[in-house]
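Student: I've got a two-chain model to look at. Please walk me through it step by step.

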Amino acid sequence: MGKLNLSEAKIGDTFPPVSYIVTSEIAKRYAEVNGVSQPVSASSTYVSPGMLAHDIVWIASKYFDITGVLLAGLELEFEGLMSDSGTVNVCESKIEDISFHGGDQYTIASFVITNEDGKAICRSKITCVSKTAKAKEV
Amino acid sequence: MSRSWTVGDRIDYKEIAVTREQLVQEQLFGWEVMAPVVFEPGVCPSFEVMVANSIHTNSEIARRYGLRDAVIPGVRLFSYISDMFLCELGVVWAEEGILSVKFVSPAVSEDVLSTSATVKEVVSEAGTIRLTFDVIMVNQLNEQLVQGTAQITLP
């Protein structure tokens with residue numbers, strides 16, 4: 001499947017799920033490189049919520065052609081902790097809304113992250129802004 | 001004992017100046033970890049080439065686009081704001097927090113980032129307290145970089 005050019009996106013467009021594994025080493029390095037904490041309970045260490053945000057933006061670049069596209073907004077709703085040695089599934093990815101303001105196209109895409117048990121641990125929306133021919137006409 | 005919250009209470013995060021070297025390390029890490037997930041096998045570009053030509057790491061390229069310097073990725077700013085709540089509220093933030101932000105203007109390397117949140121609303125219901133915060137991040141020139149809201153329900 002090729003990358004979607006946002007100028008051709010339609011509300012309701014969906015994208016195939018993606019899975020990958022975050023090891024303890026990756027989670028630890030993420031926190032170090034970005035200078036943030038990892039949540040720690042009595043018995044386990046978990047993935048930084050910021051890492052989930054970074055990963056969603058990366059996954060968006062798998063689905064969309066992000067050339068000339070800016071990240072205008074980001075929303076994450078956390079619903080559980082992600083183990084730092086577990087499988088991450090990004091699913092239910094779709095285009096939620098498209099609007100036009102001041103010659104720019106605003107595209108909102110939503111994503112759900114689940115853990116290896118299929119439990120949702122994060123719901124996210126990203127807002128991308130781009131110059132498109134249609135935006136210039138509106 | 002949990003803290004009691006009232007409207008107007010404020011949380012401040014540590015001041016941060018992100019260096020260009022830190023941005024390079026962030027991009028290299030992202031490419032190393034996520035590129036194999038994002039790109040089809042065999043078409044993943046060279047990490048070094050992509051990082052060297054990014055507005056997030058190359059000041060000269062960033063200036064060509066009218067930016068003051070290499071741009072700190074918005075998602076890194078989001079990560080700092082989330083970390084502020086994680087440090088203040090603990091693990092419950094990663095289990096139930098909601099954070100929604102707009103990137104108002106670009107933050108660039110060496111900017112000093114000041115992040116804070118102010119309680120906008122406190123609602124008590126069914127033995128819990130739902131807090132709503134206004135969130136803001138500014139640089140050393142007091143230019144607003146990020147604005148947003150956060151919500152959390154505490155026992």
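Student: In what order do the elements of chain A run from the N terminus on?

Tutor: First, some ground rules: this is a predicted model, where local features need pLDDT of at least 70, side-chain atom pairs count only at pLDDT 80 or more, and totals for chains, interfaces and linings use all residues. Residues are numbered from 1 along each chain as its sequence is written, chains are lettered from A and ligands numbered from 1 in the order in which they are written, and side-chain values use heavy atoms, with hydrogens and water left out. Helices (H or I, at least four residues) and strands (E, at least two) are DSSP runs, numbered from the N terminus, and chain A has three helices and six strands. Their order is β-β-α-α-β-β-β-β-α.

Student: And what pattern does chain B follow?

Tutor: Chain B holds five helices and six strands. Its C-alpha trace spans about 55 × 40 × 20 Å along the principal axes. Reading along the sequence, you get β-β-α-α-α-α-α-β-β-β-β.

Student: About how much area do chain A and chain B bury between them?

Tutor: Buried area is the accessible area (1.4 Å probe) that two parts lose on being put together, summed over both. Carbon and sulfur atoms carry 65% of it here. The total comes to about 3100 Å².

Student: Which residue of chain A meets B:Glu32 in a salt bridge?

Tutor: A salt bridge needs a side-chain nitrogen of Lys or Arg within 4 Å of a carboxyl oxygen of Asp or Glu. The rule finds one across the interface of chain A and chain B. N and O are 3.2 Å apart, and the partner of B:Glu32 is A:Arg29.

Student: How many residue pairs are in polar contact across the interface of chain A and chain B?

Tutor: A polar contact is a pair of N or O atoms within 3.5 Å; within protein, one must be able to donate a hydrogen and the other to accept it, and residues adjacent in sequence count only if both atoms are side-chain atoms. Counting pairs with both residues at pLDDT 80 or more, the rule finds 14.

Student: Which residue in the turn between β4(B) and β5(B) has a positive phi?

Tutor: β4 (residues 112–125) and β5 (residues 128–138) of chain B pair antiparallel over eleven bridges. They form a hairpin with two residues between them. The residue with a phi of about 50 degrees is B:Ala126.

Student: Which residue in β6(B) stands opposite B:Leu131?

Tutor: β5(B) and β6 (residues 144–154) of chain B are antiparallel, with ten bridges. This hairpin has five residues between its strands. Facing B:Leu131 is B:Ile152.

Student: How far apart are the C-alpha centres of domain 1 and domain 2 of chain B?

Tutor: Domain bounds come from an automatic or database domain assignment. For chain B it gives domain 1 (1–18 + 72–155) and domain 2 (20–71). Their C-alpha centres are separated by 27 Å.

Student: Which residue forms a salt bridge with B:Glu26?

Tutor: Across the interface of those two domains of chain B the rule finds three salt bridges. For B:Glu26, the closest N and O atoms are 2.8 Å apart, and the partner is B:Arg76.

Student: How many residues apart in sequence are the parts that A:Arg123 and A:Glu79 tie together?

Tutor: The side chains of A:Arg123 and A:Glu79 meet in a salt bridge, 2.7 Å from N to O. A:Arg123 lies in strand β6 (residues 120–130) of chain A and A:Glu79 in the loop between β3 and β4 (87–101) of chain A, so the pair ties together parts whose separation in sequence is 44 residues.

How values were computed. Two strands pair if DSSP finds at least two bridges between them.
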